[in-house]
Each structure stands twice: as structure tokens, then as C-alpha cells.
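This briefing sets out selected features of one protein model, grouped by topic. Please read it alongside the sequence and the three-dimensional view.

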Amino acid sequence: MPPHILILGGTTEARELAAELAVRHPEVRVTTSLAGRVSRPGAPAGDVRIGGFGGSEGLAEWLREHRVDAVVDATHPFAESITANAARAATDTGLPVVVLRRPGWRPVPGDRWHPVASLPEAADLLPRLGRRILLTTGRLGLAAFAHLPQLHFVVRSVEPPEPPMPPDVELLLARGPFTVADETALLREHRIDVLVTKDSGGAATAAKLTAAREAGVPVVVVRRPPLPDGVSAVADVGGVLEWVGRLGRSGFSQGR
């Protein structure tokens, strides 16, 4: 039976990894798991499953049933519960696990960043910074801002957000990547005076930071949650390929 790797996906890096594994390690069976929260997800190479596992215990059961040899968590940097479940399931099954996390953003001269630890902390800060807010934190978690009727929110999301939401909301359904010109025009058209974003990292959505810097708009940046204790991380697809190569040289013995 060929070695079997499970990729917890949904990101651009996850799709790139599945494609690279198909080319560089054709002897390895690759299954990518997608949560199914976004319609029309890009189909990665290899096998694909859609939906949750039922927590860490359900994931551990799936890993055993499908004779998985290694787990790669390539979910969004803010998919905290999935990452925690993957770490626990890997421990319970004795499987190697690695987290693929693109580097976070770093401020440069001219940025007016306000780092916070959570969406509720971001919401508490907003009334002191401005009244017209561009929210680019995704479709989940808008309840953190629902108690701010005095502020006007422009919410940009790939999918329609889930309630509850702030009472004064303008919804923009759009999928990146966006250019600096796009983001500059958006800030100007909607007279945005505060940007709120999660530190997702990567180039696809970084243009808004440049546009905000050039416009002098303050940015509330929600910091990433920490990784579970004992879990290692790599910054790019190449790092995962090296990790898989080391597992291959040891015969994927940990998962058998």
C-alpha cells in the first residue's frame, strides 16, 4: 500500500503542495480535506474530501481507517480549532504532523498599525480611530462588531457573512487578489478611515496594507493565534516537501 498523506487544506499553499507532491512524489497517495465553507473551491490534485471530521477524535478515527502516514495542516493561519484538533489527533495516532504557515505581515515605515489579540479587542479600539470601517476579516466573527451602531462598516467577504452583524453594514462580495490601485479606489470611494484585517500573510491580500499606508489610514491588525505546543511549522511548500522527503527516507514508519 502506498504511503498516504492527509493535507488539511483550503489555502493556496495547500493546492500548490498537492500539485507538487503529485509531481515529485508520485508514489505517495495524497488526500486533501476541505471544510466546505466556501463555494467553488479550487480542486487540488489527488483525492479530495469535503466536510469536517467531528473534532480530534473523529479525525483520529479517519486517520486510522484510511491508513494515513502523515498529516500536513495547511489551513488558514486563523483556523485555530482545526489546527488544535490536528495536533491532538496526530498525537493520539502517533503520526507525524507539520503546519504549513505562510509568514505573517510586518509593518514598514509609514504604517499606522494597531495590533490586537482578537476581534472583540479590535471592536473596542475602533470608536477611538474612526467612523467608517473597512472590515476584511472574513465572513465569520462579525458578531464582535454588532454592538457598534454608531459606526459604518464596509464588509468585504468572498461569501455572504453570517449574522449577527453590525446594524450599519455595506456588503461587498469579492475574491482577491487585489491590486494597490483597486484598494486605493475602494478606500477613496467609501471614505474609509480605518481598516481592520487579520494577519493572514501572503501577497494576495497585502495590497490593502500598501493602500492604507499611502492614504494614511490606520490599520487594526488581529494577531495570529499561537500554534499548539510541540507542533513544528514550515513557511512554504518547499519546507513541507523537505519534510516529506525525510519521512520517505525513514519509510513512513511512524504511521504504520
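Helix 1 and helix 7 lie oblique to each other, a term for angles that are not under 35 degrees (roughly parallel), over 145 (roughly antiparallel) or 65 to 115 (roughly perpendicular). Their axes are 10 Å apart and the packing angle is about 40 degrees. This is a predicted model, in which local features need pLDDT of at least 70 and side-chain atom pairs count only at pLDDT 80 or more, while totals for chains, interfaces and linings use all residues. Residues are numbered from 1 along each chain as its sequence is written, and side-chain values use heavy atoms, with hydrogens and water left out.

- Helices (H or I, at least four residues) and strands (E, at least two) are DSSP runs, numbered from the N terminus.
- Axes are lines fitted to C-alpha atoms, for helices over the stretch in contact, and angles run from 0 to 180 degrees between N-to-C directions.
- Helix 1 and helix 7 cross in a right-handed sense; a crossing is right-handed if the near helix is turned clockwise from the far one by less than a right angle, and left-handed if anticlockwise.
- Helix 1 contributes Glu13, Glu16, Leu17, Glu20, Leu21 and Arg24 to the contact, and helix 7 contributes Val237, Val240, Leu241 and Val244, where contact means heavy atoms within 4.5 Å.
- This contact of helix 1 with helix 7 comprises six nonpolar, no polar and four charged residues. In this classification Ala, Val, Leu, Ile, Met, Phe, Trp, Tyr, Cys and Pro are nonpolar, Asp, Glu, Lys and Arg are charged, and the others, Gly among them, are polar.

**Nonpolar cores**

- The largest nonpolar core has 21 residues, and those with the most contacts inside it are Ile5, Ile7, Leu17 and Val72. Such a core is a set of buried Ala, Val, Leu, Ile, Met, Phe, Trp, Tyr and Cys residues joined through side-chain atoms within 4.5 Å.
- Two or more residues of this core come from each of strand 1 (4–8), helix 1 (12–24), strand 4 (70–73), strand 5 (97–100) and helix 7 (237–249).
- Helix 7 supplies the largest share of this core, six residues.
- Beyond its neighbours within four places in sequence, leucine 17 is in contact with Ile7, Val72, Val237, Val240 and Leu241.
- Another core lies apart from this one and has 20 residues, among them Ala122, Ala123, Ala144 and Leu148.

**A buried aspartate**

- Aspartate 73 belongs to strand 4 and is buried, with a relative accessible area of 0%. Buried means under 20% relative accessible area, exposed over 50%, and partly exposed in between (1.4 Å probe, protein chains only).
- Leaving aside neighbours within four places in sequence, aspartate 73 is in contact with Leu8, Thr83, Val98, Val99, Leu100 and Arg101.

**Other helix pairs**

- The axes of helix 2 (residues 55–65) and helix 3 (residues 80–93) come within 8 Å and cross at roughly 50 degrees, which makes helix 2 oblique to helix 3.
- The contact involves Gly55, Ser56, Leu59, Ala60, Leu63 and Arg64 of helix 2, and Asn85, Ala86, Arg88, Ala89, Asp92 and Thr93 of helix 3.
- By class, the contact of helix 2 with helix 3 has five nonpolar, four polar and three charged residues.
- The axes of helix 5 and helix 6 (residues 207–215) come within 8 Å, crossing at roughly 55 degrees, and the two helices are therefore oblique to each other.
- Helix 5 passes helix 6 in a right-handed crossing.

**Backbone features in loops**

- Most residues other than glycine have a negative phi, and most peptide bonds are trans.
- Proline 163 and proline 164 are joined by a cis peptide bond, with omega about 5 degrees; proline 164 is in the loop between strand 8 (152–157) and strand 9 (169–173).
- A cis peptide bond also joins glycine 176 and proline 177, with omega about 10 degrees; proline 177 is in the loop between strand 9 and helix 5 (180–189).
- Arginine 67, in the loop between helix 2 and strand 4, has a positive phi near 50 degrees and is partly exposed, with a relative accessible area of 42%.
- Arginine 191, in the loop between helix 5 and strand 10 (194–198), has a positive phi near 55 degrees and counts as exposed at 55% relative accessibility.
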